[in-house]
Amino acid sequence: MNERLWEIYEQLCLVEMQSLEVFVRRLKSGEFGEFPTDEVIGFLREVEANMLQNIQVKTMEHQSYAEMADEVSEQTQRMFDDLIEQVRRPRSRPP
């Protein structure tokens, strides 16, 4: 895992409670420097895998979580697919 991406993610999403969409938007803007697209996508897939794993752990903790696990997992996967699509889109340049 790219340590610099992790530090940025940790600060924005875990400390400042910003959304992953804000994280991706700010990364794409170049605010934190340049990162190869494949590296960002790999990082997002790792975060996604961690989230999906956490969902499965929660299903073992309480029945109500188990009932929602499939839906929440699908929503999480769609969210990450959308974020990755944003990462793949070329950055718009000002005129």
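Analyst: A salt bridge is a side-chain nitrogen of Lys or Arg within 4 Å of a carboxyl oxygen of Asp or Glu. This is a predicted model: local features need pLDDT of at least 70, side-chain atom pairs count only at pLDDT 80 or more, and totals for chains, interfaces and linings use all residues. Residues are numbered from 1 along each chain as its sequence is written, and side-chain values use heavy atoms, with hydrogens and water left out.

User: What makes the contact of D81 and R45 a salt bridge?

Analyst: Their side chains come to 3.1 Å, N to O. That is inside the cut-off, so the pair qualifies.

User: Which parts does the D81 and R45 pair tie together?

Analyst: D81 sits in helix α4 (residues 63–88) and R45 in helix α3, so the pair links parts 36 residues apart in sequence. A helix here is a DSSP run of H or I, at least four residues long.

User: How do you know that E48 pairs with R45?

Analyst: The closest N and O atoms are 2.7 Å apart. Both residues lie in α3 (residues 37–61), 3 residues apart, about one turn of the helix. Salt bridges with shared partners join R45, E48 and D81 into one network.

User: How many salt bridges does the whole structure hold?

Analyst: The search finds 5. One of them joins R26 to E31, with the closest N and O atoms 2.5 Å apart. R26 is partly exposed at 24%. E31 is partly exposed at 43%.

User: Why is α1 called oblique to α2?

Analyst: Helix α1 (residues 3–15) and helix α2 (residues 20–28) pack at about 130 degrees, their axes 10 Å apart. Under 35 degrees is roughly parallel, over 145 roughly antiparallel, 65 to 115 roughly perpendicular, and the rest oblique. The α1 and α2 angle falls in the rest, so α1 is oblique to α2.

User: Which residues of α1 and α2 meet?

Analyst: From α1 come L5, I8, Y9, L12 and C13; from α2 come L20, F23, R26 and L27. Contact means heavy atoms within 4.5 Å. The contact residues divide into 8 nonpolar, no polar and 1 charged. Arg counts as charged, and Leu, Ile, Phe, Tyr and Cys are among the nonpolar types.

Methods. Axes fitted to C-alpha atoms, helices over the stretch in contact; angles between N-to-C directions. Helix = DSSP H or I, 4+ residues; strand = E, 2+ residues; numbered from the N terminus. Buried < 20%, exposed > 50% of the residue type's maximum accessible area, 1.4 Å probe, protein only.
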